[in-house]
Amino acid sequence: MQKIHLTDDVVRNLPFTALGGRRVHFADATVENMRLVVGGGRKAFYFVPDQPGNSGILRIGEYPETTTDRAREIAARLKSAVDTSDIGANSPDRLEQSGPTWTFAAVLEFYIQQLHLRSHNRSADKDAKFLRRYFLTPAVNPWALKPIGLVADTDVAGLINSLRDRPALARNCLSKVKTFFNWAMQPRNRSEFGLRENPALHLTSRMLRLRAAARYRHLSELEMRAYVVAAEGVENPSQRVFCQALVLTGQRAGDLAMMQWSELNLEKGIWVRPRDRYHVPFGAEENTPMSDAMVSLLRSLRCSAAASEDPAVFGSDFTSTGKLTRLRCVVDRRMSDYMQKAGLERPGESWRWMDVRRSVLTMLVEAGVSYQIARCAIGLVPDPYTAMTAVRPTRDALERLARALDDMRGSAGRYDDGGTGR
């Protein structure tokens with residue numbers, strides 16, 4: 001086998017015809033375990049383990065989708081993961097096994113390198129980062145370097161239970177590890193890795209009691225007043241209108257962030273929400289009325305963003321969870337500043353976007369709106385008949401909410417944040 005220093009130029013210039021139509025293997029001079037296979041009209045990179053018992057090879061990627069530097073980086077990471085397979089090789093548990101075995105970390109690293117080969121791989125990098133953080137870090141996963149054939153269901157359950165104070169994270173970890181073991185249990189894989197059974201097969205969220213606890217957090221009247229003032233102080237126009245629109249509509253933050261200009265009829269004050277994009281329980285679409293204050297906000301935002309061709313009201317990248325989280329932190333800091341200057345003490349429990357929606361529902365009920373109409377106003381339609389017949393009462397309820405927010409804003413006084421706010 002010829003050993004050469006592989007680069008993109010070298011790989012690109014390797015002809016298929018000069019090789020006699022057969023597959024030819026090239027070894028990389030930099031990473032010992034990396035191979036380039038040329039033949040069949042393709043040029044693909046592979047990783048070849050050199051440890052006893054690891055006879056299979058792993059396909060890294062095909063050129064030019066996978067560059068040489070990227071393939072070399074993956075091969076080096078795989079070699080590092082495979083080297084950890086020797087840890088604990090002489091332990092009694094290991095000696096009792098028949099046949100070769102890999103550590104959990106080594107097999108998971110192989111799995112991670114194949115994520116980008118999935119047909120739907122847009123979240124490959126995100127999934128890889130998640131798996132490395134919660135399953136390849138020994139401080140989080142104490143059995144990361146354990147032979148995969150010795151990983152038991154009690155090990156998996158113990159890791160998930162250690163995260164039960166964060167139910168959503170625990171459920172996500174359980175889903176990821178079950179998917180991984182399903183892949184590892186494929187006939188070719190389990191014989192190669194020395195995996196005899198699936199330790200996560202019978203583990204479920206119900207069994208581990210990972211249901212999220214019901215949340216009843218509401219913003220108090222003082223917190224709501226601070227939120228209204230803090231929202232007006234947000235510097236970015238689209239973010240400022242989003243925060244204000246959240247209390248004027250009571251809609252889900254995720255739905256509001258996806259709002260498109262093409263869905264708005266500002267003349268009639270209607271937001272037409274297609275079922276395939278939003279939480280619309282009945283019919284193909286839902287006509288959501290808006291108050292005059294909400295329409296005025298949207299008109300002002302459209303004027304300020306006239307030069308932009310973005311079809312999304314608040315920006316195409318506004319739906320990312322990270323951006324919404326950062327915005328919530330900005331508003332939270334401004335709320336803290338306002339309440340500190342007012343000599344008020346904030347509750348110890350933090351708030352979420354859904355808590356604002358829950359507080360809007362409470363405000364509507366306290367303003368004299370019936371509970372059924374209040375639910376319609378924030379997008380919780382109880383039945384299709386109410387959705388069609390309650391448009392006018394819903395608009396009246398939203399107008400009443402806008403007046404209540406105006407009164408709250410007036411009682412809050414002027415917000416002074418050192419000259420940086422509006």
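## Before we start

Axes here are lines fitted to C-alpha atoms, for helices over the stretch in contact, and angles run from 0 to 180 degrees between N-to-C directions. Two packed helices are described by the angle between their axes and the distance between the axes.

This is a predicted model, in which local features need pLDDT of at least 70 and side-chain atom pairs count only at pLDDT 80 or more, while totals for chains, interfaces and linings use all residues. Residues are numbered from 1 along each chain as its sequence is written, and side-chain values use heavy atoms, leaving out hydrogens and water.

## The whole protein

Welcome to a protein with 18 helices and 8 strands. Helices (H or I, at least four residues) and strands (E, at least two) are DSSP runs, numbered from the N terminus. Of the 422 residues in the protein, 47% are buried. Buried means under 20% relative accessible area, exposed means over 50%, and partly exposed lies in between (1.4 Å probe, protein chains only).

Contact means heavy atoms within 4.5 Å. Among contacts between residues at least 6 apart in sequence, 61% join residues at least 24 apart.

## H5 meets H7

Helix H5 (residues 124–135) and helix H7 (residues 167–184) have axes that come within 11 Å and cross at roughly 105°. The two are therefore roughly perpendicular to each other; angles of 65 to 115 degrees count as such, those under 35 as roughly parallel, those over 145 as roughly antiparallel and the rest as oblique.

On the H5 side, the contact is made by Asp127, Phe130, Leu131, Tyr134 and Phe135, and on the H7 side by Leu169, Asn172, Cys173, Lys176 and Val177. The residues of this contact divide into 7 nonpolar, 1 polar and 2 charged. Ala, Val, Leu, Ile, Met, Phe, Trp, Tyr, Cys and Pro count as nonpolar, Asp, Glu, Lys and Arg as charged, and the others, Gly among them, as polar.

Helix H10 (residues 221–232) has 12 residues and reaches 17 Å from its first C-alpha to its last, close to the 16 Å expected at 1.5 Å a residue. The expected span is 1.5 Å times one less than the number of residues. In H10, 9 of the 12 residues are buried, so the helix is largely enclosed by the rest of the structure. Among them are Tyr227, Val228 and Val229.

H10 packs with helix H11 (residues 237–249) at an angle of about 150°, their axes 8 Å apart, which makes H10 roughly antiparallel to H11. Met224, Tyr227, Ala231 and Glu232 of H10 make the contact with Arg240, Cys243, Gln244, Leu246 and Val247 of H11. By class, this contact has 6 nonpolar, 1 polar and 2 charged residues.

Helix H15 (residues 353–366) has 14 residues and reaches 20 Å from its first C-alpha to its last, close to the 20 Å expected at 1.5 Å a residue. With 10 of its 14 residues buried, H15 is largely enclosed by the rest of the structure. Trp353, Val356 and Val360 are among the buried residues of H15. After H15 comes Gly368, whose phi is positive, near 100°.

The axes of H11 and H15 come within 8 Å and cross at roughly 40°, and these helices are therefore oblique to each other. Phe242, Cys243, Leu246 and Val247 of H11 make the contact with Trp353, Val356 and Val360 of H15. The residues of this contact divide into 7 nonpolar, no polar and no charged.
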